[in-house]
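The sequence and structure are shown first.

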Amino acid sequence: MQFLAKIRGKIILSFLFGLAVVAVLAIVGDLSKMLEVLGSFQWWLVVPILLLTLMNYVLRFLKWHYYLKVVGNGAEQISRGDSAVVFVGGMSMAMTPGKIGEFLKSYLVNQLNGTPMMVTAPIVVAERVSDGLAMLILASLGVFFFENTFLRLVLLAILLAAVVPFVVVQWRALALRLIGLLGRIPFLTSRATHLRNFYESSYRLFSPRSTLLAVGLGLLGWSGECLAFFLVMLGLGFPPSLLLLVQCTFILATSTLVGSVSMLPGGLGAADSSIGGLLLVAVQGITSATASAATLLIRFCTLWFGVTLGLVTLFVFRKRFDGPAPHGQGQAEAGPPKSTLDTAGSIR
């Protein structure tokens, strides 16, 4: 696949960066002490931890498949099985900067039935935004337990940044005016159809109904990973309590947001240091070795688990996506109907 060939070097660098992060955690946590902590971990808990992670993946897949139905233009005709292969394969791209490699999913859909990439590309953006809102809600739970003015301001800033895309996209007059201005730029003039496709898909994806459903699925899914982190802490010997559950939810949600905002591959470094640092601040009596061990465990059972599933899926089904893409369906290439654009203005 040409897409993979182009970003193969970035993926390799990201994996090397991941190894460097593991090395730093080992140094900070004192390798010998961290290995001792890992040796005492209740390893049978890895099974329910991975199952909770899988639950998140299943719910995120349901959101992805629902989004395909929303954007239409041929994307809705993809079978559930092919859709699952595309979604899981896309998880291999979590190690690209800002997860930009997840646009691989749009490429794979195009290879399957010819749906233009600009029709499905907004789905990747909508996934990130809805996941961000879900994590923001989960992170906000900790604000009631940890009074920190700076943290509240940071969460408020992230919330405002997440709301902006909804306002701009749903304000059709403004959005279409901006597209019209962009269309006058020589470089973009020949791509006016692609811009219209991208906007029309975004308009449907960011509708109140679609957003509420997507954020709801995100809350359920990411709550599963927060519960998985709670099990990690129990496996390391911490007694179960409501406070510990809230702490784990707050720490994982906040760290995931920090990793996303950092635009680093998989949030490496940013998310890892946030998990370890917040553990030391929020959990009483925890050592740096235990914090480092907990960080490694949850990251391997979430980020690296997903990347591994994605790479295996792409390898197994690689021949499914070889060859030229079939011709697009319906109006996909021609863009949305003129009457749709005329509801809020025209594009010239």
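## Basis of the description

The model is predicted: local features need pLDDT of at least 70, side-chain atom pairs count only at pLDDT 80 or more, and totals for chains, interfaces and linings use all residues. Residues are numbered from 1 along each chain as its sequence is written, and side-chain values use heavy atoms, with hydrogens and water left out.

## Overall fold

The protein contains 15 helices and 0 strands; helices (H or I, at least four residues) and strands (E, at least two) are DSSP runs numbered from the N terminus. Of its 348 residues, 52% count as buried. Buried means under 20% relative accessible area, exposed means over 50%, and partly exposed lies in between, with a 1.4 Å probe and protein chains only.

Contact means heavy atoms within 4.5 Å. Among the contacts with a separation of 6 or more, 76% are between residues 24 or more positions apart.

Two packed helices are described by the angle between their axes and the distance between the axes. Here axes are lines fitted to C-alpha atoms, for helices over the stretch in contact, and angles run from 0 to 180 degrees between N-to-C directions. Angles under 35 degrees count as roughly parallel, over 145 as roughly antiparallel, 65 to 115 as roughly perpendicular and the rest as oblique. A crossing is left-handed if the near helix is turned anticlockwise from the far one by less than a right angle, and right-handed if clockwise.

Helix 2 (residues 31-39) and helix 14 (residues 288-316) have axes that come within 8 Å and cross at roughly 60°; the two are therefore oblique to each other. Their crossing is right-handed. On the helix 2 side the contact involves K33, M34, V37 and L38, and on the helix 14 side A289, T290, S292, A293, L296 and L297. These residues comprise 7 nonpolar, 2 polar and 1 charged, where Ala, Val, Leu, Ile, Met, Phe, Trp, Tyr, Cys and Pro count as nonpolar, Asp, Glu, Lys and Arg as charged, and the others, Gly among them, as polar.

The axes of helix 4 (residues 80-90) and helix 14 come within 7 Å, with a crossing angle of roughly 130°, which makes helix 4 oblique to helix 14. This crossing is left-handed. V85, V88 and G89 of helix 4 meet L309, G310, T313 and L314 of helix 14, a contact with 4 nonpolar, 3 polar and no charged residues.

## Helix 4 and helix 5

Helix 4 also packs with helix 5 (residues 104-113): their axes come within 9 Å and cross at roughly 150°. Helix 4 is therefore roughly antiparallel to helix 5, and the crossing is right-handed. D82, V86, F87, G89 and G90 of helix 4 meet L104, K105, L108, V109 and L112 of helix 5. By class, this contact has 6 nonpolar, 2 polar and 2 charged residues.

## Nonpolar cores

A nonpolar core is a set of buried Ala, Val, Leu, Ile, Met, Phe, Trp, Tyr and Cys residues joined through side-chain atoms within 4.5 Å. The largest has 43 residues, of which I49, F229, V232, M233, L236 and L279 touch the most other members. At least two residues of this core come from each of helix 2, helix 3 (46-71), helix 6 (117-143), helix 11 (208-235), helix 12 (242-262), helix 13 (270-282) and helix 14. A second, separate core of 30 residues includes F61, L112, V129 and L205.

F229 lies in helix 11 and counts as buried because its relative accessibility is 0%. Leaving aside neighbours within four places in sequence, F229 is in contact with C248, I251, L252, I275, L279, A294 and I298. The C-alpha atoms of F229 and R299, 70 residues apart along the chain, are separated by 9.4 Å. With the same exclusion of neighbours within four places, I49 is in contact with F41, A228, L231, V232 and C301.

## Further residues

G72, in the loop between helix 3 and helix 4, counts as buried at 11% relative accessibility. Its C-alpha atom is separated by 8.3 Å from that of V119, 47 residues apart along the chain.

T256 is found in helix 12 and is partly exposed at 23% relative accessibility. Y203, in helix 10 (residues 192-205), is likewise partly exposed, with a relative accessible area of 26%.
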